[in-house]
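Take a walk through this model, from the overall fold down to single residues. Start with one whole chain, then look at two local details.

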Amino acid sequence: MAIKEFFAIPARYRTWSMALMGVGILSVIIGFFLYGTDEHHHGARFWASLLQNSVFFLLVVNAAMFFICATTLAFGGWQMAFRRIPEAISVAVIPLGIITLIVLIALVVIDPHIFHWLHPHGDKILEGKSAFLNIGFYIIWTILAIGLWIVLGYKMRQLSRELDNNPLPDAESGRKYIFKNTVWASIFIVWFALTVMSTVPWLWLMSIDAHWYSTMYSWYTFASTFVSGMALITIFVVYMKNQGYLEYTNEEHIHDLGKFMFAFSIFWTYLWFSQYMLIWYANIPEETVYFKSRVTSKNHSGAYTGLFWFMFCINFLAPLLILMRRGSKRNYTTVTFMAILIIFGHWLDFYQMIFASLFPDHVTLNLFDFGVAAGFVGLIMYSVGNALTKAPLIAKNHPFIKESIIHHT
Amino acid sequence: MAVKKFVVGCFDDEGPLFDAVKKVRKSGYKLHDVYTPFPIHGLDKAMGLRDTSIHTAGFLYAIFGTTSMLSFMTWVFTKDFPLNVGGKPHFALPAWIPITFEFTVLCACVGMVITFCYLCQLAPFVKKHHFHLRATDDLFVMVIECTPKTNESEVSSFLTSIGAKEVNVQNAETGWWLGTYDKDQKLFEGQSETVSA
């Protein structure tokens, strides 16, 4: 079979990514003058939107590298036919990581009153947490986290491309190559566990409610971004299929990606519910305060109730019922539709995680937030598209490639 | 039970088996089943089997589990025996979700196991016919069902020609073991002569 090895960016793709990035930049500028200079809220509305979008999209593209490393450690072969897609998505960690780093450092330097732990002022709880919640640790850990994601991701991509022009001479060197891959993948996974799966969501998001804490929070955030990351991979795989690339990827691979989206939607719900139920059951005021703005109870109405349950429906009920059938996981249209829905749903999840804590009285979601999101989507499209042109679309010399081509679920 | 006549061909590798399955289907012989030591990816497709409907059954069992458990607990805690547990409302939905979930899973998996046994005609008191004992070890056993028009020596030589290492003819019970099954009972019982086309 003649295969198209290199991706050529279609003109429409480039136009769309540029247009979306333009919308994003315009939104940020307009948003800055509308909300960023607001004396009353110290520009918190503006910075919160930047925080939500940059962190969400950074963690989503970083999930692509997690997917590569997890499948490498599991000796998975099925993903090899389209592995260059998550690799290209992980390149977007570089621009998004830099933007997020700037936003996160601005949050403590400019201080738009998003992190209250910056000024404990004799608050016993915040002083008790100051070993973790302090500017020095926050900045160093943020730089380390993003920096190592970029460096280790780069190493994983290098390992993958190393074989493109020098095929492995024998089985023994193949074993050595796989071992080298697992070593670097496990280093990435360990760092991922220390950041995305534990400290980073505490530091970047949970510290908005500095008095409140939940040990489920980081897992919950990870599940949210991983399922969106799988959805993003699926969208790009389907797009490339539609453009006539990825000849060896077929509905068997789409089926497995669909399974990932299905399974991790359920996993997200499991964590979401575990966090909710424990707090509901214990009914301790310092814990239930988190849900005051998010859930309506008998004596209290939360402003974000509608958004909260709407997000729950599209993140749990829709994937559960629509992706359950085998046929729908193998259908390109259904899978793409669900992928877009899941990304949107988890974007809303991040929205309520941040805004329901900062602005508990009323929902402020408007075109500005969508404009900023569009900018990040455009940036992801742009950098992933560029990255796809740089390397062959199939890792043809990888020892597991045949396993992926004959993959059958 | 209906006793039918089968031509059994044994293959020693899965590669030739795939080709053989395709050739048998192309030649129009009635493929009864293929018995393999381990599940082979893609063989169901090659044999032209339809998708199993056991997951539909599983979904229905799960729905049954969810609704029955939720309605049972609602009845118990709001109508039959309302208790004040730590000031929680009587209709304490979040507290019931784990139980509902577990019961859903229990219903789905137990129901699916029973359905699977029913579909495969498996039960402790049912003695199944083995076409070849080594099908559980290292042989890939393909079984072709004879119809009144089948010439089994022709089928045997055909199987040998497509790579079967061992070919024999067996009479075996088939069909459903409780209630109704196909009407041609005892069709080939005791007959050993060739049925010519």
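Helices here are DSSP runs of H or I with at least four residues, and strands are E runs of at least two, numbered from the N terminus. The model is predicted. By that count, chain A holds 15 helices and zero strands.

Now consider its overall dimensions. The C-alpha atoms of chain A fill a box of roughly 65 × 45 × 45 Å along the principal axes. A compact globule of 409 residues would have a radius of gyration near 22 Å, and chain A agrees because its own value is 22 Å. Of the 409 residues in chain A, 42% are buried. Take the contacts in chain A between residues at least 6 apart in sequence: 82% of them join residues at least 24 apart.

Next, zoom in on a helix pair. Two packed helices are described by the angle between their axes and the distance between the axes. Helix H1 (residues 11-36) of chain A packs on helix H2 (residues 44-73) of chain A at about 140°, with the axes 7 Å apart. That angle makes H1(A) oblique to H2(A). Which residues meet? From H1(A) come A:Gly31, A:Phe32, A:Tyr35 and A:Gly36; from H2(A) come A:Arg45, A:Phe46 and A:Ser49. By class, this contact of H1(A) with H2(A) has three nonpolar, three polar and one charged residues.

Finally, turn to chain B. Strand E2 (residues 30-35) of chain B pairs with E3(B) in the antiparallel sense, over five bridges. Within this pair, B:Val34 stands opposite B:Met142 in E3(B). Is strand E3 (residues 140-145) of chain B enclosed or open? Five of its six residues are buried, so E3(B) is largely enclosed by the rest of the structure.

Definitions and conventions. Residues are numbered from 1 along each chain as its sequence is written. Chains are lettered from A and ligands numbered from 1 in the order in which they are written. This is a predicted model: local features need pLDDT of at least 70, side-chain atom pairs count only at pLDDT 80 or more; totals for chains, interfaces and linings use all residues. The radius of gyration is taken over C-alpha atoms; the globule rule is 2.2 Å times the number of residues to the power 0.38. A residue is buried if 20 or more other C-beta atoms lie within 10 Å of its own, exposed if 12 or fewer, and partly exposed in between; C-beta atoms are placed from the backbone. Two residues are in contact if their C-beta atoms, placed from the backbone, lie within 7 Å. Two strands pair if DSSP finds at least two bridges between them. Axes are lines fitted to C-alpha atoms, for helices over the stretch in contact, and angles run from 0 to 180 degrees between N-to-C directions. Angles under 35 degrees count as roughly parallel, over 145 as roughly antiparallel, 65 to 115 as roughly perpendicular and the rest as oblique. Ala, Val, Leu, Ile, Met, Phe, Trp, Tyr, Cys and Pro count as nonpolar, Asp, Glu, Lys and Arg as charged, and the others, Gly among them, as polar.
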